[in-house]
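These are my notebook entries on a single chain, written down in the order in which I looked things up.

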Amino acid sequence: MPKKPYAETRLAKYIDKRVMELKPRKSQIEIAVEAGFVSVNMLSMLKNGSSKLPLDRVPSLARALECDPAYLLRLTLEQVEGDTAAHALVEIMGTPVTGNELGWLQEIREASDHSDPRMTSRGRAAIRAIFRK
């Protein structure tokens, strides 16, 4: 059986999840074609962890998976460069903020009347409660 060195990465798991979520609307082959992969098997290889996603394919795959490209880039950096390099890039360039995260941030700003609220233990507990943590 061939090695799957990236099977346990967050990227492989995320791609698998998105393909399943999109299944009612488009096939895995359609996603691969939309992403511009020469071989439609490439998507399977990414899902099962036998291959890693090249950085130049992040934008097209994000469009095909209908996901935020900043989030996909963050997962790809972890996979391609490893945690240390990904952390260094984030330290230099800043944390990529996804469209979903930006929505949360905008809501916090509006709810606080743009007062730059501190993160308190009560606020942290409220956020964690939303996610059942």
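**Entry 1: helix α1 and its partners.** I began with α1 and helix α4 (residues 58-65), whose axes come within 10 Å and cross at roughly 35°; axes here are lines fitted to C-alpha atoms, for helices over the stretch in contact, and angles run from 0 to 180 degrees between N-to-C directions. Before going on I noted that this is a predicted model, in which local features need pLDDT of at least 70 and side-chain atom pairs count only at pLDDT 80 or more, while totals for chains, interfaces and linings use all residues. I also noted that residues are numbered from 1 along each chain as its sequence is written, and that side-chain values use heavy atoms, with hydrogens and water left out. Helices are DSSP runs of H or I with at least four residues, strands are runs of E with at least two, and both are numbered from the N terminus.

I then listed the residues in contact, meaning heavy atoms within 4.5 Å: Ile15, Arg18, Val19 and Leu22 of α1 meet Leu61, Ala64 and Leu65 of α4. By class I have six nonpolar residues, no polar one and one charged, where Ala, Val, Leu, Ile, Met, Phe, Trp, Tyr, Cys and Pro count as nonpolar, Asp, Glu, Lys and Arg as charged, and the others, Gly among them, as polar.

How do α1 and α3 lie to each other? The axes of α1 (residues 10-22) and α3 (residues 41-48) come within 7 Å and cross at roughly 125°, and the two helices are therefore oblique to each other; angles under 35 degrees count as roughly parallel, over 145 as roughly antiparallel, 65 to 115 as roughly perpendicular and the rest as oblique. Ala12, Ile15, Asp16 and Val19 on the α1 side touch Leu43, Leu46 and Lys47 on the α3 side, which I sorted into five nonpolar, no polar and two charged residues.

**Entry 2: Lys26.** Beyond its neighbours within four places in sequence, Lys26 is in contact with Ile31, Glu34, Arg63, Ala64 and Glu66. The C-alpha atoms of Lys26 and Ala64 are separated by 9.7 Å, although these residues are 38 apart along the chain. With Glu66, the Lys26 side chain makes a side-chain polar contact of 3.2 Å, that is, a pair of N or O atoms within 3.5 Å, of which, within protein, one must be able to donate a hydrogen and the other to accept it, residues adjacent in sequence counting only if both atoms are side-chain atoms.

**Entry 3: two residues of α5.** Arg74 is placed in helix α5 and is buried, with a relative accessible area of 19%. The side chains of Arg74 and Glu101 are joined by a polar contact of 3.4 Å. Glu91 also belongs to α5 (residues 69-93), but Glu91 is exposed, at 70% relative accessible area.

**Entry 4: the whole chain.** I counted seven helices and zero strands, and 28% of the 133 residues are buried.

Methods
Buried < 20%, exposed > 50% of the residue type's maximum accessible area, 1.4 Å probe, protein only.
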